[in-house]
Amino acid sequence: MGDRKGSPPFTQRVDASRNSSVSLRINVKGMSEGFRSQNLFMAQYTKLLENEIQEIMGRYDLLVTRYEPIEQGAGNSNYLLNTNQGKFVLTIFEIEPTRAAYMSKVLTLLEKHEFPAPRLQKMANGEVLTKYQEKSVLVKPYITGYIESEIDVNKAKQVGTAIAKLHEIPVPDYLPDKHSYIEITYPKFMEQEIDRNYKTWVGQRYNYIIEKLPSQLPVGLVHGEIFYDNVLFEDENLKAILDFEDVSRIYKIYDLGMAVAGICTEETKIVIKKVRALIEGYQEIRLLEEIEKDSLQLCIEWAAILTSTWRFWKYNIDLPEKDKSEKYMQMVSIAKNASAIPKEEFKMAVFS
């Protein structure tokens, strides 16, 4: 099932988190740093009192001795907890309950396959997912490590290997066959009239890409958002892939396209030597088909465009933040950089 091929996961036409250029390396030395090391640059939307946290954690037979919220970025509500059984991360999901359920099932699946990802704490009844204030809740044992905003060639290769291992895991049929950026964010973005020129450009490039991508591309279990802050390292080695909220059953090569946009760029430029390392690491586990090699460049552009629309929607419409209102332009530039490289030149540089 992992290499199952089928109808194209992205088929709708349209009418015309997160990268950073600032070098950042965080070592786990304290509560705040440890919290950030696990990709918890997220907004605290659901504010809980101590007694509420204790009530939730009681379902997991854990007694909280100290807790700390994180109030940066955009995403779900997270708390780092010290308990009588060690450190844990409590997540209250602001995303749709169905996607939280998908993620919990996938993380359980990944543990069975010993894939490097967060593990889930079980409640007394054996379940991992609970609810609070009608929102889904998960608890995960804390993982030590650090994130790197400037991922070097060696680390890019390790990420490529991890992605390939993920793609080799049989894909569950219950996963959505569209990325959340397509299914949820993109339609909302296309309703905006704030920047019509940008909207028109996005629609034209989106349509062009889905017309060019072959429908026979291999489909599998795809993370969907491999950015630097979703990859955890320790002692220069990959420790875990984080944040499976956008997990879906779509083109495998899309995952690599997103990874290029997320970890193989410097500011607005694609760094070919990092792309080569990513692909080399990937092909140590799974060889790409020729149609996948031909489609990588388009998927880099596509992933960057979709990420730009998420950023535009998030920081200009959903939760406007003046200092982040232009953040989407970085991904626009990466998309344009990807499309500007002559196709044969790109393929030769990456795969030769």
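## Loop residues with positive phi

E267 is exposed, with a relative accessible area of 54%; accessibility is computed with a 1.4 Å probe on protein chains only, and buried means under 20%, exposed over 50%, and partly exposed in between. E267 belongs to the loop between β10 (265-266) and β11 (269-270), and its phi is positive, at about 60°, although the residue is not a glycine. Helices (H or I, at least four residues) and strands (E, at least two) are DSSP runs, numbered from the N terminus.

Q133 likewise is not a glycine but has a positive phi, of about 50°. Q133 sits in the loop between β4 (130-132) and β5 (135-141) and is partly exposed, with a relative accessible area of 45%.

## Basis of the model

The structure is a predicted model, in which local features need pLDDT of at least 70 and side-chain atom pairs count only at pLDDT 80 or more, whereas totals for chains, interfaces and linings use all residues. Residues are numbered from 1 along each chain as its sequence is written, and side-chain values use heavy atoms, with hydrogens and water left out.

## A buried loop asparagine

N230 lies in the loop between β6 (219-222) and β7 (231-234). N230 is buried, with a relative accessible area of 1%. Its side chain reaches the backbone oxygen of E225 at 2.7 Å.

## Packing of α5 and α6

Helix α5 (residues 180-190) packs with helix α6 (residues 196-212) at an angle of about 140°, and their axes are 10 Å apart. This angle makes α5 oblique to α6. Axes are lines fitted to C-alpha atoms, for helices over the stretch in contact, and angles run from 0 to 180 degrees between N-to-C directions; those under 35 degrees count as roughly parallel, over 145 as roughly antiparallel, 65 to 115 as roughly perpendicular and the rest as oblique.

On the α5 side, the contact (heavy atoms within 4.5 Å) is made by I182, Y186, F189 and M190, and on the α6 side by Y198, K199, V202, G203 and Y206. By class, the contact has 7 nonpolar, 1 polar and 1 charged residues. Ala, Val, Leu, Ile, Met, Phe, Trp, Tyr, Cys and Pro count as nonpolar, Asp, Glu, Lys and Arg as charged, and the others, Gly among them, as polar.

Helix α7 (residues 252-263) has 12 residues. From first C-alpha to last, α7 reaches 17 Å, close to the 16 Å expected at 1.5 Å a residue, the expected span being 1.5 Å times one less than the number of residues.

Because 12 of the 12 residues of α7 are buried, this helix is largely enclosed by the rest of the structure. Among the buried residues are K252, D255, L256 and I263.

Note on methods:
Polar contact = N/O pair within 3.5 Å; in protein donor to acceptor, adjacent residues only side chain to side chain.
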